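Welcome, and please have your viewer ready. We will go from one selection to the next, with a short note at each stop.

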Amino acid sequence: MERVVLRQFRWMLPALIVLTMLLTAAGPLGASEDPATAADQTADAQTTADDGDAEETLEEDAFMQDLLNESTGGDVPAAAEVDTGPALPLSYEGEVMGSLWAPNDHDDDWHTSNRLDLKGWKEFGALNVDGRLRLDYQDLEDEDKARVDLRELYATYQLRPGTGGYVDLAMGKKILYWGKGDEVRPLDRICPEDLTALYFNDINDRKTGRVGTFVDWQVNRQFRFEGFWSPVFEAGESPELGDYYEPSKLRMLADAGIAIDDADEPDDWSSDAGFGGRLMFSVVKADLALYGFQGYDPKPTYAVHRIGTHPLYGLPIVPQSVRATHPRMTLYGADIERAFGSVVLRAEAAYQSDGAWFSLDWAQDPTLLLETPSGTVEKDQLQYVVGMDKQDLFVHNLFMNLQFVGTHIFDYDSRIIVPESDNGVTAYLRYSFLDSKFEVWYRYMILFEETEQRHHFEIGYKPLPWAKVSLGAITFDGDADAYYFGQYDDRDFVYTKLKLIF
Amino acid sequence: MRIKLLWSFLLALMLGTAAHAAEIGPYDRATAETDGRRIFDIADHFNEPEKDLIAYTRMTLKSGDAVSDTRKVIVKEITDGGLSRILFRFTDSLKRGLTFLTIETNGPTNDQYLFVPAIGRPRQIASQDRQNNFEDTDMTNEDLGGLKLDDYTYKRGRDATLVGHACYKVTARAKATDARFPKRTTWFDQQTFIPLQIKVYNRDNKLQRVLVTGDVRTVGNIHLPFKTVAKDLIENHTTILEIVRAKVDSGIDPLDFDKEKMGAAWKESF
C-alpha cells in the first residue's frame, strides 16, 4: 500500500511544481492582472537592465582606459619625441663581436677571434648602393692577423616597367644566399667562405661576396628569377699548416717531408670565373627553386703538385709537394620547403657533375700516382639535406631543427679515401625566455661513417637592448684520422663572447 | 581573414567613413550570425590603402609592471590585385633585422615567413602555429595577418558603447576544435570599423588576451589608432605599440614584399 502511494506521489510532484510555476508567473493566486502594475514591473526590469548595461559599459571603459594608460616606463621616450629622421645622409648599422677561447688539450694558449661589421646603404633616386665592411682580428692562424674585407659593395638599379614584373639590376660585390638547409647547404657554394675559425661563426657570417653583375626578375607573384655573371675569382680562406684548425692530413704530409706549395688559383679576372642562376616558384603551398652554377670552386682541393722519381725503382711515385687547387665545377640543384601541420619540411639537393675531385690513398700506396699523378680523381657527387623545423616545441619560443644529411659519390673508385656514401644528422635547439633576455642554444652534428660528432652549446644574456654576453663550449669527437670533426678531437674548448650593436 | 584586418588586430590601422555603417541594420537576434560575418567582411574590405601603407612604430614589452624591452618596428603593407602583403621588421636592439612577412592568398591559409638574420634565409611558418605568439609579444601570428575569416563562425551581440563610441560587438568562434584561442569578441567602432577592443578566450573559456586601441588620428584619408595595447592577463605580460609616424601611398617598392628580399636593407628608418 505504501508502495502504491509513493508511486502516485512520484507523478504528482512534477505536476505540482509545474502548476506552481504557472501560477507564480500569472501573478498572485486569484488576483486579476493590473496593467499599471505590469507596466511598472516591465519598466523596473528595463531600468535594472539599463543599469546593468551602464555598469558593464563603465567597467569596459575603465578596463580599456587602464590598458591604454599602460606606462611605457620612465626610461622610454614618448613616441612623439622619437627622432624620425636619419642622423647621417647614409643609413648604417654595425656590430662588434669579441670572443676569448680558453686553453685546451691542443695548446695552452688563450685564443681570440674578433670582428667589426659595418653595413651602410644609400638611395640615389632609382639607384641604391649597399655596402658591408668587416675588420677582423684573430690569432687562430699561424700568425695573428688583422684583416679588412669589403664583403659587399654594389649598386642596384630598379626597373619597374608597367608590365613584365619587376627587375633589379645590380653591379658590384654581392653575397648570394642559396639553399634552404640549416647551416648545411650543399647549394650554397658560390661565395667564398672564411673557415679559419671553422664553424665558430654561422655560414652567413663566414661568407664574402662575388664581384659581378646580378639580375633579379620577379616575373609575377609566382615566379622569380635570379641570375649572375661573375668575371672575378676569389678563393675562400681555409685553415692551413700552423693554424688552430690545421687539417691533420696536411700536417701528416708536412711531417713526412712533403712540401705545401702555393695554391694554384685561376686568374683573378676571367670571363668564365662563375655564372649561375636560380628559378623560384610555388606549387600547392610548396616553395621550390631550381639552381645551376658553373665556375671555379672557392673551396680548395689538395692535389699532388711535384713528383720525384723513386731512387730504387726509377718510378715517378715520390710525392714532393701538394697544393690547393680550385677546379671548375658544374652544379645543379633544387630545394623545396613546405609546411605540413605544425612542422615545416624542407629538402635540398646538389648534383655536381664536374669539379668534384677526391684524393686517392697514395700516402699508403704511392704507385697510385703512376696512373693518377695528381693523386685525385674526378667523380660525380650528390649532396643532400632533408629536414624539419618546429617552432614552439612543447613550450613557447623553443625552436627545433632536425636534418638528415648525406653525400654519395657516383661510379665510386675504391682507391678514394672518403667513403662512397656518408650520412649524418644535425640538430639545433634554441630557447629564449624573459623577453629574449636569455637565450640558450645547442647545435649538434654527427656523421655516421666515422662516428664524428660536433657539439656546440651557448647561453647568452642581454643586459641591455644593444649588448649580449655569452658563454659557450665546442667539443669534437671521432677518429683522429677522420676528415671532418674527428681530427679536432683535442680541440674542445670553452669560450666567452661579447656582442654589441649600434 | 584578409590581411587588411591585421591593422585591426595589431595596429588597428583602418580607414574610416560612415558609409558602410548604414549597411548594418539594428541588432536582430534572428540575423546575428550573418550580421556578425558581415561586420567582419566590411571591416576587412573597409580600410585598405589604395597602394600602400607604412608605419614607424615603437614597441614596449612589459612583464608585470616592469618594462622588459623596447624595440623599434617598421610595418609596411602593399595592396596588389586585391591581395595584401605585410612586412613587420624590428629595426633596433639585438632583434634587429628580424622580419615577418604575411602574404595574403585566395586559399584557405595565408603564407607567412620569418627571416632571422643569423639564419639568413626566410623560413615558412606552419599554418597550425598561427595562434602561437609572435616572438616575445602578446600578439599571435594570426594577429599579424594569418587570420582567415572562414576559420571562424560569427555572432553579433547587442550593440554597445565603449569610451563614448557606439560599437558593433561580434563574437567569433574558431571552427578548428584544437584552436588555442577558440573565441574572441570584438568591439568595432560603428563609424570607423576600428576594433576598439578585442577579448580573446582560451580553451578553458577564460579571458586570456585583450587588445585595445586608442589615440586615433587621421593620416591622409585614413584613420589610424596611434596606440595599441595587447595584454596577456594570465602571463601578466603586455605589448604596447605606439605609431611614431605613418604614411599612406608613399610608393613602397613592391619587391620588398618578396620573401627572398626579407633580408635586404630598407631605405626607411627612424
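A residue counts as buried if 20 or more other C-beta atoms, placed from the backbone, lie within 10 Å of its own, as exposed if 12 or fewer do, and as partly exposed in between. This is a predicted model, in which local features need pLDDT of at least 70, side-chain atom pairs count only at pLDDT 80 or more, and totals for chains, interfaces and linings use all residues. Residues are numbered from 1 along each chain as its sequence is written, and chains are lettered from A and ligands numbered from 1 in the order in which they are written.

Select chain B to begin. Of its 270 residues, 54% count as buried. Its C-alpha atoms fill a box of roughly 55 × 40 × 35 Å along the principal axes. Colour chain B by secondary structure to find three helices and 15 strands (DSSP runs numbered from the N terminus: H or I of at least four residues, E of at least two).

Next, show both chains. The contact takes 50 residues from chain A and 52 from chain B, where two residues touch if their C-beta atoms, placed from the backbone, lie within 7 Å. On chain B, strands E2 (52-63) and E13 (207-219) are among the elements giving two or more residues to this side.

Now move to chain A and find the open three-stranded sheet, ordered E8-E12-E11 with mixed pairing (strands pair if DSSP finds at least two bridges between them). Strands E8 (259-260) and E11 (301-308) of chain A each have a single partner strand, so one side of each lacks a neighbour in the sheet. Finish at Ile260(A), whose bridge partner in E12(A) is Val322(A).
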